[in-house]
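Hello,

Here is the structure I promised to hand over.

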Amino acid sequence: MGLEKLEDIVDIPYPQHPHCATVLVLDTSASMSGNKIAELNEGLRILTDELKEDDLAVKRIDLAVITFGKGVELVRPFTGISAFDPPELSAGGYTPMGQAILEAVRLVEERKAEYRTIGTDYYRPWIFLITDGQPTDMRKGDEIWEKVIEAVHGGEKDHKFLFWALGVDQANMTVLREISPPGRTPLMLKEAKWAEMFLWLSKSLSQISDSRIGEQISLENPVGPEGWGVIQL
């Protein structure tokens with residue numbers, strides 16, 4: 001057998017383009033049952049459909065989905081948008097948010113290493129957390145909590161990724177504020193604004209894919225009068 005080429009070992013579509021690794025970290029605990037899990041599933045379809053309409057996003061956005069409910073599960077590994085099939089999520093279990101965040105950080109670092117292996121340039125990855133509760137696998141000050149704070153705050157400070165936290169319904173915003181990096185206040189979803197939020201996310205990722213690496217871009221304000229989010233004081 002001959003030597004395998006690097007691009008055959010690491011399956012990254014359009015390796016000549018810069019890529020943006022994006023991880024959705026989604027709460028699928030029992031409290032998400034009913035309308036919330038339905039809205040989440042519809043949002044994933046909206047996000048996928050919108051990005052598939054953007055030629056550059058198709059080539060440059062890699063999407064992964066991690067859920068936390070009945071354990072932490074990588075339900076979609078990093079996949080280029082053209083091949084991405086949105087999962088149909090179901091709700092159940094507790095809220096192992098801490099382990100899910102740590103898995104997302106690990107996954108992002110692994111993906112960046114794969115990009116470097118084949119010489120593919122990349123934008124700063126995104127980690128986007130959505131939850132309606134509070135973590136059941138960590139408490140402030142314990143070992144997992146400290147690991148999460150170090151990973152998220154340190155990762156942002158060292159420009160390893162951008163971390164966004166979104167609370168819905170009865171989410172513990174105090175916890176999300178402490179987990180979120182300084183300067184990135186978590187947002188609370190306005191009632192019934194799921195579709196608008198996923199449209200904002202698709203537009204933001206499209207803007208990134210249409211930019212140069214390191215370029216400053218201005219994202220649409222999610223907390224404006226017509227926005228989908230609010231900052232809970």
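**What I found**

Of the 233 residues of the chain, 52% count as buried (buried is under 20% relative accessible area, exposed is over 50%, partly exposed lies in between; 1.4 Å probe, protein chains only). This is a predicted model, where local features need pLDDT of at least 70, side-chain atom pairs count only at pLDDT 80 or more, and totals for chains, interfaces and linings use all residues. Residues are numbered from 1 along each chain as its sequence is written, and side-chain values use heavy atoms, with hydrogens and water left out.

**Overall build**

The chain has 7 helices and 7 strands (DSSP runs numbered from the N terminus: helices are H or I with at least four residues, strands are E with at least two). From the N terminus, the order is α-β-α-α-β-β-α-β-α-β-α-β-α-β. The radius of gyration is 17 Å, close to the 17 Å that the globule rule gives for 233 residues, so the chain is as compact as a globular protein of that length. That radius is taken over C-alpha atoms, and the rule is 2.2 Å times the number of residues to the power 0.38. Along its principal axes, the C-alpha trace spans about 55 × 40 × 35 Å.

**Surface and charge**

The chain exposes about 11300 Å², and carbon and sulfur atoms supply 48% of that area (Shrake-Rupley method, 1.4 Å probe; for residues, only the protein chains shown count as cover). There are 24 positive and 37 negative side chains (Lys and Arg are positive, Asp and Glu negative; His and the chain ends are not counted). The centres of the two sets lie 4 Å apart, with each charge placed at NZ of Lys, CZ of Arg, CG of Asp or CD of Glu.

Helix α4 covers residues 97-118. Its 22 residues reach 32 Å from first C-alpha to last, close to the 32 Å expected at 1.5 Å a residue (the expected span is 1.5 Å times one less than the number of residues). Its buried residues include Ile101, Leu107 and Val108, and also Arg111 and Lys112. Just after α4, Gly119 takes a positive phi of about 75 degrees.

Helix α2 (residues 35-52) has 18 residues, which should span 26 Å; its end C-alpha atoms are 26 Å apart, which agrees. Among its buried residues are Leu40, Leu44 and Leu47, along with Lys36 and Asn41. The cover over the buried residues of α2 includes β1 (20-27), α3 (55-60), β2 (61-69), β4 (126-131) and α7 (194-209).

**Leu26**

Leu26 sits in strand β1. It is buried, at a relative accessible area of 0%. Beyond its neighbours within four places in sequence, Leu26 contacts Leu40, Leu44, Val65, Ile66, Thr67, Phe68, Leu89 and Ile130. Leu26 and Ile66 are 40 residues apart in sequence, yet 6.2 Å apart in space, C-alpha to C-alpha.

**Two backbone points to check**

Most residues other than glycine have a negative phi. Tyr14 is not a glycine, yet has a positive phi of about 50 degrees. Tyr14 lies in the loop between α1 (6-9) and β1, and is partly exposed at 31% relative accessible area. Ala192 also has a positive phi, near 65 degrees. Ala192 is in the loop between β6 (187-189) and α7, and is exposed at 58%.

Best wishes

Technical notes:
Contact means heavy atoms within 4.5 Å.
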